[in-house]
Amino acid sequence: MAVAALFAGTVDAQELNNFNFGGRAKPIVSPEVVGDSVTFRLNANYATQVLLSGNWMPMGQTVALKKGTDGIWQTTLKAPYAEIYTYNFIVDGVSTNDPQNFMIQRDGTRYLNMLMVLGERSSVYNESTKRGTVEHRWYDSQSLGINRRMTVYLPYGYEANPKKKYPVLYLLHGGGGDEEAWTSMGRTAQILDNLIEQGKAEPMIVVMPNGNPNQQAASTMGLPTITLDTRAPENANAYVKSLVNEIVPFIEKNYRAIPKKSARAIAGLSMGGGHTTSATILFPNTFDYICPMSCGIRESDHLDADLQGIKKAGYKLYWVGCGNDDFAMPGTKILDAALTRNGMEHTLFTSDGGHEWKNWRLYLQTFAQLLFK
C-alpha cells in the first residue's frame, strides 16, 4: 500500500508539473507586476503572432508580444494606475485567455482575465483577513411565476452571533448583468470585508438580485427564460415591484435583517440605477438610503411630484455617482437639478472615466462608508 501511495503521489506531482509549467524547470508567471511595470507571457511556440488587448488601452489598440528562443511570447509595459483591469491575448487572430492567470471575471457570457494593480484605490479589492460569506439563495416569485436566484453577502461574524441583526443594502446590477455581476466584477465581498474590518463601514447584509425579470438565474446556468412583455401595462415595473414586495420580505424572513426603513439601502448602476430611482419613487417608505449610479433620470411633468413623495416620506442619504465621460451624465445632471429645485439634500459624486466597472467599484467603496450611520 505504501508503494502504491508513493507511486500515485509521484504521478500527481508529474501531472501538476506538466499542467502548470509545461514540463519546464520554472513556472511561467503571467501577469507579473514588478514595481511600476507589468509583464505578460504566453507559451505558444507554434504561433506566428501574439497580441495583447487590455481595457486600459485606447479602443482597438493592441500590443505585440515578442517570441523568445524558448517559445515563450512576452511583453513588458508600464503598469496602469492602481485598479482592476481585464485583458486577453489574440493568437493568430483568435482571442484567448491567459492560461497562467487564475483570476477571472465574468461579464455576461464572456470570461475575462483580471490584472490587479495594487495601490490606495485598489487596496480594498484584495482579500481581507476577516472574510464574510457569499451564498446563492433561491426564492419563489409569485408575481413573475418562477423560482429565482439572488446572491447574498453576509458580513464576518454573522454566523457566530445568532442574536445580532443587520441592516441591508440592496445592490442592483446593470444591463447585461445578473445576480453574480457585483461579486464577479464589482468585488463587493472584498470591498465590504475590508471596509468593515477597518471600521469604515457598518457590518451589513448585501443582497444582489437578478434584475432581468424573465430570468430564473444567470444565463450561464442554462435555465429557460420566460416570455415577459415589459411594455405591457400590467408588467410595468415588474422587477421593481417584485424587489420590494417579494425580495425584501424574503430577506427579512430568512435572514437576521432589521425590518425597518432606516436599516434599508438601495443602490444600482445603469439599469440598476433606474431600478433604484423607480423603487424609491413607487415605494418611498421602504428605503432610507438611496444611491443611483450612472443612470440619471428624464424630465417629465410628474418628476417633481415623484421626488416630493420621497421628500415627504423622509430619507437619510441621497447619493448620486457618475463619471465625467459617462453617457449617463446628462441624465445625472437632470436628476441633480431636480433634487436641488425640490429642496432635497443630496450628494453628487463625479469621477473620471465613463460607464465602467472601475467607477462603480469606486462608488461602492465610497457610499458604503456612509450607510447606516
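Which residues are buried in helix 3? They are Thr188, Ala189, Gln190, Ile191, Leu192, Asp193, Asn194, Leu195 and Ile196. Keep in mind that this is a predicted model.

- Helix 3 is mostly covered, with nine of its 10 residues buried.
- The cover over those buried residues includes strand 11 (133-141), strand 12 (146-154), strand 13 (168-172), helix 2 (181-184), strand 14 and helix 8.
- Isoleucine 191 sits in this helix, which runs over residues 188-197.
- Isoleucine 191 has a relative accessible area of 0%, so it counts as buried.
- Leaving out residues up to four places away in sequence, isoleucine 191 touches Val124, Tyr125, Gly186, Arg361, Leu364 and Gln365.
- One of those partners, Arg361, is 170 residues away from isoleucine 191 along the chain, yet the two C-alpha atoms are separated by 8.2 Å.
- Just after helix 3 comes glycine 199, with a positive phi of about 75°.

**Nonpolar cores**

- As background, nonpolar side chains in soluble globular proteins tend to be buried together.
- Here the largest nonpolar core has 37 residues, and the ones with the most contacts inside it are Leu169, Leu171, Trp182, Met293, Leu364, Phe367 and Leu371.
- Helix 8 (residues 357-367) supplies the largest share of this core, namely six residues.
- Phenylalanine 367 is in contact with Leu169, Leu171, Ala267, Cys291, Met293 and Trp319, setting aside its neighbours within four places in sequence.
- Another core lies apart from that one; it has 24 residues, and Val152, Tyr158, Tyr255 and Ala279 are among them.

**Helix 4 against helix 5**

- Helix 4 and helix 5 (residues 271-282) pack at about 60°, and their axes are 10 Å apart.
- Their crossing is right-handed.
- On the helix 4 side the contact uses Tyr239, Val240 and Val244, while helix 5 brings His275, Ser278, Ala279 and Leu282.
- Sorted by class, that contact has five nonpolar residues, two polar ones and no charged ones.

**Helix 6 against helix 7**

- The axes of helix 6 and helix 7 come within 10 Å and cross at roughly 65°.
- This crossing is right-handed too.
- Leu303, Asp304 and Leu307 of helix 6 meet Ala338, Leu339 and Arg341 of helix 7.
- By class, the contact of helix 6 with helix 7 has four nonpolar, no polar and two charged residues.

**Helix 7 itself**

- Helix 7 covers residues 329-341, and its 13 residues reach 18 Å from first C-alpha to last, close to the 18 Å expected at 1.5 Å a residue.
- Its buried residues are Met329, Gly331, Thr332, Leu335, Ala338 and Leu339.
- The elements covering them include strand 16 (289-293), helix 6 (303-313), strand 17 (317-323) and strand 18 (347-351).

**A loop glutamine**

- Glutamine 215 is found in the loop between strand 14 (205-209) and helix 4 (238-254).
- Why does glutamine 215 count as buried? Its relative accessibility is 15%, and the cut-off for buried is under 20%.
- Neighbours within four places in sequence aside, glutamine 215 is in contact with Ile146, Arg148, Asp178, Asn210 and Thr225.

Terms used. Residues numbered from 1 in each chain as written. Predicted model: local features only at pLDDT ≥ 70, side-chain atom pairs only at ≥ 80, totals over all residues. Heavy atoms only, no water. Helix = DSSP H or I, 4+ residues; strand = E, 2+ residues; numbered from the N terminus. Buried < 20%, exposed > 50% of the residue type's maximum accessible area, 1.4 Å probe, protein only. Contact = heavy atoms within 4.5 Å. Axes fitted to C-alpha atoms, helices over the stretch in contact; angles between N-to-C directions. Left-handed = near helix turned anticlockwise from the far one by under 90°. Nonpolar A, V, L, I, M, F, W, Y, C, P; charged D, E, K, R; others polar. Expected span 1.5 Å × (residues − 1). Core = buried A, V, L, I, M, F, W, Y, C linked by side-chain atoms within 4.5 Å.
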